[in-house]
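Here's a quick tour of a two-chain model, written for someone who has it open on screen. Have a look first, and then we'll go through it piece by piece.

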Amino acid sequence: MLEILSYNYFQNALIGSILAGVGLGIVGVWVVLLRIPFVGVAISHAAFAGSVIGLLLGIDPIMMAIVFSLLASVLIGPIAEKSGLEANVIIGIIFSLVLGVAFLGLGLIKGPKTEAFNLIWGSILTLSRRNIYFNAGITFFVILFVVFLGKEIKAVFYNREVATSCGIPEKFIFFSLLFLSGFVICLNLNTIGGMLIFSLLINPPSAARILTHNLSKMYLLSILFGILSCLTGLLFSYMFSVPAGATIIIVSSLIFIISLALRGRSGY
Amino acid sequence: MIKIRKVSKTFGGKEVLSEISLDIKKQDFVAIIGPNGAGKTTLLKTINGLLVPDKGEVRVFDLDPVKSGLSVRKKIGFIFQNELILKSVPLSVRDVVCVGRIGVKGLFRKLDGGDFASAKKAMDEVGIMDLENRPAGFLSGGEQRKVSIARELARDVEILLLDEILMNLDPASQMEINSLISSIYKKHKLTIVFVTHLLRYLPEGINRVVALKDGKIFGDFSPRDFDPKDLAPLYGINEENLKKYVGNFKL
């Protein structure tokens, strides 16, 4: 059993799983508390559209996926601000647009489309060292962001208008949260895929929220649940030869259900 | 302290403020009244720079609150209409009161003992020390209003803008919040602008009533020359109906 740890691909998968648990655990808290859960779906489909366009134009599909998903995450905040509509509505508009672009591109591609679909389904066991370095970099940056601007983030969660009136640069914080969420989601698409990332983004922080009324504890529990889901998924995938992504999602959903049952006993 | 000169603001083709001019002096305790859509909230938001006037000029501490932005806003407290602490947000009462200290502290600096002491003092003054560790989203409407007041007190502001803070409260809570605002005014010598619909429940200490109608100043009354009868045309109702609504109140 331990022999598997000596294989490079499994080491990468293990580190990738932990990084996904930490990164998505943190941005998941943001997404849940800002009430924009579908940002994960919109960004992953923007990445899919980007990779399809990349294949069509003969440009590196992964690079194009990153460009498209970052563009989507950068645009949500300012468009919501300009239009006066909720960020959720803009996320819906961007989602439908990138889906349209992706399907159009798929119709035009003559050759194989595997690389584009990999982003939708994910393949944790094929993670490269390059993926790991990128993920580690962005995860470290997100941790620093929470450490140094945690109090401002807390104010934005509480009430954006009050935050502004209290002299807090609310727009900078809100836009940064959206952008960093997009970045983390995009870089983790290879790990568990666009279709499944939604659960890993929502289940761990939601389970954590059920168990605590303290924001710091919510971050820690969310990270813990994220790592637990990823590692358990990976282990089951190895032991029973089942898809890792799907197992990760089932484990994270079970953690949510167990948290709900535990909350039922503790009141509030 | 607050100078408003010929300020106009239009939303969706409707002029909400129309060439309004108003001076509010240091330690004034002003009630702003008027029917729905008169421009009361818009006026408050132009004072702290949350809204940019289309025409005219607003000066607070001799500065433009839009251009000076955060530095002016740090001295202006604002409690919004229908401020609600969502149950989904995991913040305690202490966390929410400390939000008032965050802008004062500035970016990249952690709140320290001095900030927590200010928050505690504010909670004590408002009478919510026993709620300190409770999840803020689970409080009653009256308790949440007190938390908002403590948040602004913790900021050591010089001006307090209160936008219909009695809305959706039962009469006992309305009276309690009013007496709290009056005692804060007396103790801290703040400049307070108090927007309200509840003419029967004006807090003690108000030294001026400014009535707005259709984005214009309808009347600017001092307690001595104020007659509730003047308000009948403001709300477009006859004196008898007005009396039923406001009773025989006097400033």
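This is a predicted model: local features need pLDDT of at least 70, side-chain atom pairs count only at pLDDT 80 or more; totals for chains, interfaces and linings use all residues.

Let's start with a lysine. The lysine sits in strand E1 of chain B, which covers residues 2-11. Its backbone deserves a glance too: phi is positive, about 45 degrees, although Lys6(B) is not a glycine.

Glu19(B), which is not a glycine either, has a positive phi near 50 degrees. You'll find Glu19(B) in strand E2 of chain B, residues 14-24. With 14 C-beta neighbours inside 10 Å, it also counts as partly exposed. As background, most residues other than glycine have a negative phi.

| Residue | Phi |
|---|---|
| Lys6(B) | about 45 degrees |
| Glu19(B) | near 50 degrees |

**The three-stranded sheet**

Which strands make up the sheet that holds E1, and in what order? Three strands of chain B form an open sheet, E2-E1-E4, with antiparallel pairing. E2 and E4 (55-60) are the edge strands, each pairing on one side only. From one strand to the next, the twist averages 25 degrees. E1(B) and E4(B) run antiparallel and are joined by five bridges. If you want a spot to check this by eye, look at Ile2(B), which stands opposite Val60(B) in E4(B).

**The six-stranded sheet**

Chain B also has an open sheet of six strands, in the order E5-E6-E7-E3-E8-E9, and here the pairing is mixed. Its edges are E5 (76-79) and E9 (216-221), each of which pairs on one side only. Ignoring direction, neighbouring strands in this sheet are turned by 15 degrees against each other on average. Within it, strand E8 (residues 208-213) runs antiparallel to E9(B), and five bridges hold the pair together. Leu212(B) stands opposite Ile217(B) in E9(B).

**Helix H1 of chain B**

Is helix H1 of chain B enclosed or open? Seven of the eight residues in this helix (residues 40-47) are buried, so it is largely enclosed by the rest of the structure. The buried ones are Lys40(B), Thr42(B), Leu43(B), Leu44(B), Lys45(B), Thr46(B) and Ile47(B). Note that this list includes two lysines, Lys40(B) and Lys45(B).

**Chain B as a whole**

Zooming out, chain B has eight helices and nine strands. Its radius of gyration is 18 Å, close to the 18 Å that the globule rule gives for 251 residues, so the chain is as compact as a globular protein of that length. The C-alpha trace spans about 55 × 40 × 35 Å along its principal axes. Of the 251 residues, 43% count as buried. As for contacts in chain B with a separation of 6 or more, 65% of them come from residues 24 or more positions apart.

**Where the chains meet**

How many residues of chain B are in contact with chain A? There are 25, and they meet 25 residues of chain A. On the chain B side, the elements that give two or more residues are helix H2 (70-73) and helix H3 (93-105). The largest share, six residues, comes from H3(B). By type, this side of chain B divides into 15 nonpolar residues, five polar and five charged.

**A stop in chain A**

Finally, a phenylalanine. Phe179(A) is found in helix H8 of chain A, residues 170-187. It is partly exposed, with 16 other C-beta atoms within 10 Å. Leaving aside residues up to four places away in sequence, Phe179(A) touches Ser73(A) and Val74(A). For a sense of distance within the chain, take Asn118(A): it is 61 residues from Phe179(A) along the chain, and their C-alpha atoms are separated by 23 Å.

How values were computed: Residues are numbered from 1 along each chain as its sequence is written. Chains are lettered from A and ligands numbered from 1 in the order in which they are written. Two residues are in contact if their C-beta atoms, placed from the backbone, lie within 7 Å. Helices (H or I, at least four residues) and strands (E, at least two) are DSSP runs, numbered from the N terminus. Ala, Val, Leu, Ile, Met, Phe, Trp, Tyr, Cys and Pro count as nonpolar, Asp, Glu, Lys and Arg as charged, and the others, Gly among them, as polar. A residue is buried if 20 or more other C-beta atoms lie within 10 Å of its own, exposed if 12 or fewer, and partly exposed in between; C-beta atoms are placed from the backbone. The radius of gyration is taken over C-alpha atoms; the globule rule is 2.2 Å times the number of residues to the power 0.38. Two strands pair if DSSP finds at least two bridges between them. Axes are lines fitted to C-alpha atoms, for helices over the stretch in contact, and angles run from 0 to 180 degrees between N-to-C directions.
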